[in-house]
Amino acid sequence: MNSEKYKPRIIDNTLKQYLETFGAICIEGPKWCGKTWTSSFHCKSEIMIGDPTNNFQNRTLALLSPSLILKGNVPRLIDEWQEVPPLWDAIRYAVDEREKKGQFILTGSATPRRKGILHSGAGRIGKLRMRPMSLYESGDSCGSISLKDLCVGKIVPTMTGEVELAKLAQLTIRGGWPANLDVPLKNIALLPESYIHAVIDDDAARIDNIKRDTKKIHLLLRSLARNESTTATNRTLKNDVKEVDDTDIDIDTVASYLDVFERLFLTEDLLPFSNNIRSSTRIKQAKKRHFSDPSLACALLKATPEKLMHDLQTFGFMFEALCERDLKIYAESFGASMYHYQDYTNRELDTVIELPDGNWCAFEIKLGANKIDEAAANLIHIRDTIKKSGGIVPSVLCVICGMSNAAYQRTDGVFVLPITALKN
């Protein structure tokens, strides 16, 4: 690759640390998110298992003689290793034999079942999750505010500039796909649409060679899009398909298809938070539904920037997904974890970030500045409720807003900032 054209990614620093720690690294994530480009930038040789040249010669070679394709300057990139699952054990064995760090980088856009794999690779192969680009990585956030600093209450009030609603709609539909950054505005929906078609027509069957009902896959994906950023259960999705599309899907089929979507890194649900609160309040354990990028949900709903701006409720859910995609990328770069909060009295927090030292921060996400007061009041109310019930309160309260033109702290202590000013 031409290193001069490489756009730095937040995962770069973590990848360097892993190369110094593990014999091999496996970078997983949705296809087209930049795994191969990033891995190639950090490698000195490479082999593409999915290369169709000479009737997929590399794949055949990997099947016949896995050890042979591991030869080359290190770190050596093994792209789309899951096409030949026995490569995993061959790489683990090579790492043991060489007794050196940073030997291989594997990339995979699907998680194969354990069939054909004998060992977990624990201690030898470190795993990293890569996602589409955040707004900071794509150049659409000025990065004047660091999430790491914010989470310890360090923020300098800053005017960040006006943000247009139309621009936020375009960024949501375009998504964080590297190949979509310089595409004309009129064509930004084509790549996410193509992604969905690839999953339905090809990937869902190739992952384990099981033929599935493509119509039901499509209907379930559309239901997930309608329920983006919600805690819809499997039964809710089943009923939604029946109500909207007049089609019955067995509840076991729903669960099976959702597992496939997760293994393809098409979806990445947000887990519930409760382990550090320790209050008497009962916390729900439902996951929040998310695609790996909000552009995929928009593609399934055939949304355009104009449609989103005329349907602010849907836009709000998609904007929440956009922000949570970025927050997860930023948080994980400094060892933090991300969740959502929902209790049985219908109190909710859009996002919770738990820091490595055990402290946690509460976030509300709002598209319009007219919702900042309401969001701040909710944050304060939940903090006070947790305190009264004997729990550990959040150390930082923050509203992330789409249309705010400044980053600042309110008189009630709540921080406010636009997503277009945030970085890790």
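Two strands are said to pair if DSSP finds at least two bridges between them. The legends below describe close-up views of a predicted model.

**View 1. The hairpin of β8 and β9.** Strand β8 comprises residues 337–342, and its pairing with β9 is antiparallel, with 5 bridges. Within this pairing, Gln342 stands opposite Glu348 of β9. The hairpin has 5 residues between its strands, and Asn346 takes a positive phi near 65° there.

**View 2. Strand β9 and its burial.** Strand β9 covers residues 348–354. How many of the residues of β9 are buried? The strand is mostly covered, as 6 of its 7 residues are buried.

**View 3. The hairpin of β9 and β10.** Strand β10, residues 360–366, pairs with β9 in the antiparallel sense over 4 bridges. Thr351 stands opposite Phe363, which belongs to β10. In this hairpin, 5 residues lie between the strands, and Gly358 takes a positive phi near 100°.

**View 4. Leu379 in helix α16.** Helix α16 spans residues 372–388 and includes Leu379. Is Leu379 buried or exposed? Its relative accessible area is 1%, and because buried means under 20%, Leu379 counts as buried. When neighbours within four places in sequence are left aside, the contacts of Leu379 include Leu349, Ala362, Phe363 and Glu364. Leu397, Cys398, Val399 and Val414 are also among the residues in contact with Leu379.

**View 5. Leu379 and Met338.** These two residues are separated by 41 residues in sequence. From C-alpha to C-alpha, Leu379 and Met338 are 17 Å apart in space.

Note on methods: Residues numbered from 1 in each chain as written. Predicted model: local features only at pLDDT ≥ 70, side-chain atom pairs only at ≥ 80, totals over all residues. Heavy atoms only, no water. Helix = DSSP H or I, 4+ residues; strand = E, 2+ residues; numbered from the N terminus. Buried < 20%, exposed > 50% of the residue type's maximum accessible area, 1.4 Å probe, protein only. Contact = heavy atoms within 4.5 Å.
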